[in-house]
Amino acid sequence: MGSSQQAHRRYMLRFLPITAAYVGGIALASALIPDHAPADARTIAISILPGLAVIGWLWAMGRLLVELEDEYLRMLEVRKFLVATGMTLAATSMWGILELYSPEVPRLPVFFVMPIWCAGLAVGALFNRLTFGGIGGDTDKTAASGTDRS
(Lines give C-alpha, C1' and ligand atoms only; values in the text may rest on other atoms or scores of the structure.)
Protein backbone atom coordinates (compact mmCIF):
# COMPACT_ATOMS: atom_id res chain seq x y z
CA MET A 1 0.00 0.00 0.00
CA GLY A 2 1.44 3.40 -1.01
CA SER A 3 2.09 6.17 1.48
CA SER A 4 -0.78 8.29 0.13
CA GLN A 5 -3.14 5.33 0.51
CA GLN A 6 -1.90 4.85 4.07
CA ALA A 7 -2.42 8.55 4.81
CA HIS A 8 -6.00 8.37 3.52
CA ARG A 9 -6.62 5.16 5.45
CA ARG A 10 -5.45 6.83 8.67
CA TYR A 11 -7.60 9.85 7.81
CA MET A 12 -10.68 7.63 7.48
CA LEU A 13 -9.84 5.88 10.77
CA ARG A 14 -9.90 9.33 12.40
CA PHE A 15 -12.80 10.74 10.41
CA LEU A 16 -15.36 7.97 10.98
CA PRO A 17 -15.37 7.98 14.82
CA ILE A 18 -15.36 11.80 14.82
CA THR A 19 -18.38 11.73 12.50
CA ALA A 20 -20.13 9.29 14.83
CA ALA A 21 -19.39 11.64 17.75
CA TYR A 22 -20.83 14.58 15.77
CA VAL A 23 -24.01 12.72 14.84
CA GLY A 24 -24.31 11.44 18.42
CA GLY A 25 -23.83 14.95 19.79
CA ILE A 26 -26.54 16.33 17.50
CA ALA A 27 -28.88 13.48 18.45
CA LEU A 28 -28.16 14.04 22.14
CA ALA A 29 -28.78 17.78 21.83
CA SER A 30 -32.01 17.17 19.90
CA ALA A 31 -33.23 14.72 22.54
CA LEU A 32 -32.22 16.61 25.67
CA ILE A 33 -32.58 20.30 24.80
CA PRO A 34 -36.17 21.49 24.32
CA ASP A 35 -36.99 24.32 21.94
CA HIS A 36 -36.47 27.75 23.51
CA ALA A 37 -34.42 26.28 26.37
CA PRO A 38 -32.57 28.74 28.60
CA ALA A 39 -28.81 28.98 28.01
CA ASP A 40 -27.92 27.33 31.30
CA ALA A 41 -24.79 25.26 31.99
CA ARG A 42 -26.42 21.98 30.91
CA THR A 43 -27.66 23.37 27.59
CA ILE A 44 -24.30 24.97 26.85
CA ALA A 45 -22.37 21.80 27.74
CA ILE A 46 -24.55 19.63 25.48
CA SER A 47 -24.35 22.19 22.67
CA ILE A 48 -20.55 22.20 22.79
CA LEU A 49 -20.27 18.46 22.04
CA PRO A 50 -20.89 18.67 18.27
CA GLY A 51 -18.51 21.64 18.10
CA LEU A 52 -15.76 19.52 19.60
CA ALA A 53 -16.34 17.00 16.81
CA VAL A 54 -15.98 19.80 14.24
CA ILE A 55 -12.63 20.66 15.82
CA GLY A 56 -11.76 16.96 15.48
CA TRP A 57 -12.63 17.02 11.77
CA LEU A 58 -10.41 20.03 11.21
CA TRP A 59 -7.58 18.34 13.08
CA ALA A 60 -8.03 15.15 10.99
CA MET A 61 -7.96 17.17 7.77
CA GLY A 62 -4.84 18.99 8.92
CA ARG A 63 -3.16 15.68 9.78
CA LEU A 64 -4.02 14.40 6.30
CA LEU A 65 -2.27 17.39 4.75
CA VAL A 66 0.79 16.78 6.93
CA GLU A 67 0.89 13.05 6.18
CA LEU A 68 0.39 13.29 2.41
CA GLU A 69 3.83 13.11 0.84
CA ASP A 70 2.62 13.64 -2.74
CA GLU A 71 2.41 17.39 -3.31
CA TYR A 72 -0.11 16.93 -6.14
CA LEU A 73 -2.54 15.07 -3.86
CA ARG A 74 -1.93 17.64 -1.11
CA MET A 75 -2.74 20.43 -3.58
CA LEU A 76 -6.00 18.72 -4.57
CA GLU A 77 -7.03 18.51 -0.91
CA VAL A 78 -6.14 22.17 -0.30
CA ARG A 79 -8.14 23.19 -3.38
CA LYS A 80 -11.18 21.32 -2.01
CA PHE A 81 -10.80 23.17 1.30
CA LEU A 82 -10.48 26.53 -0.47
CA VAL A 83 -13.52 25.94 -2.68
CA ALA A 84 -15.55 24.85 0.37
CA THR A 85 -14.42 27.87 2.39
CA GLY A 86 -15.07 30.33 -0.43
CA MET A 87 -18.50 28.86 -1.14
CA THR A 88 -19.43 28.96 2.55
CA LEU A 89 -18.22 32.53 3.07
CA ALA A 90 -20.00 33.74 -0.06
CA ALA A 91 -23.29 31.95 0.68
CA THR A 92 -23.46 32.96 4.35
CA SER A 93 -22.42 36.55 3.62
CA MET A 94 -25.03 36.96 0.89
CA TRP A 95 -27.75 35.36 3.01
CA GLY A 96 -26.72 37.39 6.05
CA ILE A 97 -27.04 40.66 4.15
CA LEU A 98 -30.40 39.53 2.81
CA GLU A 99 -31.51 38.72 6.38
CA LEU A 100 -30.28 42.09 7.58
CA TYR A 101 -32.28 44.13 5.08
CA SER A 102 -35.25 41.84 4.36
CA PRO A 103 -37.08 40.84 7.55
CA GLU A 104 -39.41 38.48 5.67
CA VAL A 105 -36.48 36.22 4.70
CA PRO A 106 -36.18 33.20 6.99
CA ARG A 107 -33.18 33.18 9.32
CA LEU A 108 -30.38 30.75 8.59
CA PRO A 109 -29.26 29.14 11.84
CA VAL A 110 -25.49 29.27 12.30
CA PHE A 111 -25.63 25.49 12.76
CA PHE A 112 -25.87 25.14 8.97
CA VAL A 113 -22.47 26.71 8.28
CA MET A 114 -20.64 23.39 8.73
CA PRO A 115 -23.02 21.37 6.51
CA ILE A 116 -22.68 24.09 3.84
CA TRP A 117 -18.89 23.81 4.12
CA CYS A 118 -19.09 20.01 3.79
CA ALA A 119 -21.24 20.40 0.66
CA GLY A 120 -18.53 22.75 -0.57
CA LEU A 121 -15.99 19.93 -0.20
CA ALA A 122 -18.04 17.92 -2.69
CA VAL A 123 -18.14 20.93 -5.04
CA GLY A 124 -14.36 21.25 -4.60
CA ALA A 125 -13.87 17.58 -5.47
CA LEU A 126 -15.98 18.08 -8.60
CA PHE A 127 -13.95 21.21 -9.44
CA ASN A 128 -10.75 19.17 -9.08
CA ARG A 129 -12.17 16.43 -11.30
CA LEU A 130 -13.19 18.89 -14.02
CA THR A 131 -9.99 20.94 -13.98
CA PHE A 132 -7.29 18.38 -13.12
CA GLY A 133 -8.91 15.02 -13.75
CA GLY A 134 -8.47 13.98 -10.11
CA ILE A 135 -10.43 14.58 -6.93
CA GLY A 136 -7.72 13.80 -4.42
CA GLY A 137 -7.90 10.90 -2.04
CA ASP A 138 -6.46 7.45 -2.54
CA THR A 139 -8.77 6.87 -5.52
CA ASP A 140 -6.76 9.33 -7.63
CA LYS A 141 -4.90 6.84 -9.84
CA THR A 142 -3.18 9.54 -11.91
CA ALA A 143 -1.06 10.69 -8.98
CA ALA A 144 -0.65 7.22 -7.50
CA SER A 145 0.63 5.78 -10.77
CA GLY A 146 3.28 8.50 -11.17
CA THR A 147 2.09 9.42 -14.68
CA ASP A 148 2.60 12.86 -16.14
CA ARG A 149 0.09 15.32 -14.69
CA SER A 150 0.60 18.17 -17.16
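This is a predicted model: local features need pLDDT of at least 70, side-chain atom pairs count only at pLDDT 80 or more; totals for chains, interfaces and linings use all residues.
Are glutamate 77 and lysine 80 buried or exposed? Both glutamate 77 and lysine 80 are buried.

**Overall fold**

The protein has five helices and zero strands. Read from the N terminus, the order of elements is α-α-α-α-α. Of the 150 residues in the protein, 32% are buried. Among the contacts between residues at least 6 apart in sequence, 70% join residues at least 24 apart.

In soluble globular proteins, nonpolar side chains tend to be buried together. The largest nonpolar core here has 20 residues, and the members that touch the most others are Trp57, Met61, Phe81, Trp117 and Leu121. Helices α1, α2, α3 and α4 (113–132) each supply at least two residues of this core. Helix α2 gives the most, with seven residues.

Methionine 61 shows how one of these members is placed. With its neighbours within four places in sequence left aside, methionine 61 is in contact with Tyr11, Phe81, Trp117 and Leu121.

**Aromatic pairs**

The count of aromatic pairs comes to six. In one of them, the ring centres of tyrosine 22 and tryptophan 57 are 4.6 Å apart; the planes stand at 45°, so the pair is tilted. Tyrosine 22 belongs to helix α1 and tryptophan 57 to helix α2, so this pair ties together parts that are 35 residues apart in sequence. Tyrosine 22 and tryptophan 57 are both buried.

Phenylalanine 111 and phenylalanine 112 make an edge-to-face pair, with 5.2 Å from centre to centre and 75° between the planes. Phenylalanine 111 is partly exposed, at a relative accessible area of 41%. Phenylalanine 112 is also partly exposed, at 37%. Ring pairs also link Tyr11, Phe15, Tyr22 and Trp57 into a cluster.

**Salt bridges**

Side chains of opposite charge can pair when their charged atoms come close. The structure holds five salt bridges, and the table lists some of them.

| Residues | N to O distance |
|---|---|
| Arginine 10 and glutamate 67 | 3.0 Å |
| Glutamate 77 and lysine 80 | 3.2 Å |
| Arginine 107 and glutamate 99 | 3.8 Å |

Arginine 10 and glutamate 67 meet in a salt bridge. Arginine 10 lies in helix α1 and glutamate 67 in helix α2, so the bridge ties together parts that are 57 residues apart in sequence. Why does arginine 10 count as partly exposed? Its relative accessibility is 34%, and the partly exposed class lies between the buried limit, under 20%, and the exposed limit, over 50%. Glutamate 67, in contrast, is buried, because its relative accessible area is 13%.

Glutamate 77 and lysine 80 both lie in helix α3 (residues 71–101), three residues apart, which is about one turn of the helix. Their side chains meet in a salt bridge, and both residues are buried.

Arginine 107 forms a salt bridge with glutamate 99. Arginine 107 is exposed, with a relative accessible area of 54%, whereas glutamate 99 is buried at 13%. Elsewhere, salt bridges that share partners join Arg10, Arg14, Arg63 and Glu67 into one network.

**Nonpolar surface patch**

Which residues make the nonpolar surface patch of about 590 Å²? The patch is made by Leu28, Leu32, Ile44, Ile48, Leu49, Leu52 and Ile55. The elements that give two or more residues to the patch are α1 (3–32) and α2 (41–67). Helix α2 gives the most, with five residues.

Isoleucine 44 is one of the patch residues, and it lies in helix α2. Isoleucine 44 is partly exposed, because its relative accessible area is 41%.

Key. Residues are numbered from 1 along each chain as its sequence is written. Side-chain values use heavy atoms; hydrogens and water are left out. Patches are made of residues with over 30% relative accessible area and no salt bridge: like charges are joined within 9 Å, nonpolar side chains (Val, Leu, Ile, Met, Phe, Trp, Tyr) within 5 Å. Accessible areas come from the Shrake-Rupley method with a 1.4 Å probe; for residues, only the protein chains shown count as cover. A salt bridge is a side-chain nitrogen of Lys or Arg within 4 Å of a carboxyl oxygen of Asp or Glu. Helices (H or I, at least four residues) and strands (E, at least two) are DSSP runs, numbered from the N terminus. Buried means under 20% relative accessible area, exposed over 50%, partly exposed in between (1.4 Å probe, protein chains only). Contact means heavy atoms within 4.5 Å. Rings of Phe, Tyr and Trp (its six-membered ring) pair if their centres lie within 6.5 Å; planes under 30 degrees apart count as stacked, over 60 as edge-to-face and the rest as tilted. A nonpolar core is a set of buried Ala, Val, Leu, Ile, Met, Phe, Trp, Tyr and Cys residues joined through side-chain atoms within 4.5 Å.
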